[in-house]
Amino acid sequence: MSDLSAKTPWQVTIDLMFHALKVKNAALNAHAAHLLCQLKGPTVSRMVREAALRRNGAPYRLRLLGVIERVGSVPTTDDCLLLHTLAADKNPQIRHAAARCVVRCPVAGP
C-alpha cells in the first residue's frame with residue numbers, strides 16, 4: 001500500500017473510485033462510474049492506462065472502458081493510440097468496448 005500521507009485527500013478519493021470499480025458490486029460500480037464520468041484530463045488518461053494493463057481483470061477493464069465511453073473524449077493522442085491498441089486485444093469484449101471508445105471518444109486536447 002502506498003504512503004497515504006504523501007497524497008492529497010483528492011488523490012485518495014480518486015484512488016478509492018478506481019478501487020470501487022475493481023470489485024464486483026453493481027451499486028458501488030455505478031457510484032464510482034458516475035463520479036469518474038465527471039472528471040476530465042489526467043483521470044481519463046489514468047483510466048485508459050489502467051484499461052490497457054492486461055494484469056487487470058477483464059471485468060475491471062470493461063468497466064473502465066465503459067466510463068471512458070461515457071466521458072466522451074480522451075485528453076491526448078497517446079490515449080487514443082492506447083484505445084486503438086485495446087481494439088486489437090485478445091479478449092473480444094475488450095476489443096468491442098475499446099472500438100466503441102475509439103469511435104465515440106475524440107481527442108479533446110491539442
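The protein chain exposes about 6,500 Å². Carbon and sulfur atoms supply 62% of that area. The model is a predicted one. Its secondary structure comes to 6 helices and 0 strands.

**Overall fold**

- From the N terminus on, the elements of the protein chain run α-α-α-α-α-α.
- The radius of gyration is 13 Å, close to the 13 Å that the globule rule gives for 110 residues, so the protein chain is as compact as a globular protein of that length.
- Along the principal axes, the C-alpha atoms fill a box of roughly 40 × 35 × 25 Å.
- Of the 110 residues in the protein chain, 38% are buried.
- Take the contacts between residues at least 6 apart in sequence: 64% of them join residues at least 24 apart.

- Helix 6 covers residues 92-104, which makes 13 residues.
- At 1.5 Å a residue, helix 6 should span 18 Å, and its end C-alpha atoms are 18 Å apart, so the two values agree.
- At the start of helix 6, asparagine 91 points a side-chain oxygen at the backbone nitrogen of glutamine 93. That oxygen reaches to within 2.7 Å of the nitrogen.

**Helix 6: two sides**

- The buried residues of helix 6 are Ile94, Ala97, Ala98 and Cys101.
- Seen down the axis of helix 6, these buried residues fall within an arc of 95 degrees, so they line one face of the helix.
- The spacing rule behind such a face is simple: an α-helix has 3.6 residues a turn, so residues three or four places apart point the same way.
- Helix 4 and helix 5 are among the elements that cover the buried residues of helix 6.
- The face turned away from the buried side of helix 6 carries the exposed residues Pro92 and Val103.

**Serine 73**

- Serine 73 sits in the loop between helix 4 (58-71) and helix 5 (77-86).
- Is serine 73 buried or exposed? Its relative accessible area is 16%. Buried means under 20%, so serine 73 counts as buried.
- Leaving aside neighbours within four places in sequence, serine 73 is in contact with Val44, Ile68, Cys105, Pro106 and Ala108.

Terms used: Residues are numbered from 1 along each chain as its sequence is written. This is a predicted model: local features need pLDDT of at least 70, side-chain atom pairs count only at pLDDT 80 or more; totals for chains, interfaces and linings use all residues. Side-chain values use heavy atoms; hydrogens and water are left out. Helices (H or I, at least four residues) and strands (E, at least two) are DSSP runs, numbered from the N terminus. Buried means under 20% relative accessible area, exposed over 50%, partly exposed in between (1.4 Å probe, protein chains only). Contact means heavy atoms within 4.5 Å. The expected span of a helix is 1.5 Å times one less than its number of residues. The arc is that of the directions from the helix axis to the C-beta atoms. A polar contact is a pair of N or O atoms within 3.5 Å; within protein, one must be able to donate a hydrogen and the other to accept it, and residues adjacent in sequence count only if both atoms are side-chain atoms. The radius of gyration is taken over C-alpha atoms; the globule rule is 2.2 Å times the number of residues to the power 0.38. Accessible areas come from the Shrake-Rupley method with a 1.4 Å probe; for residues, only the protein chains shown count as cover.
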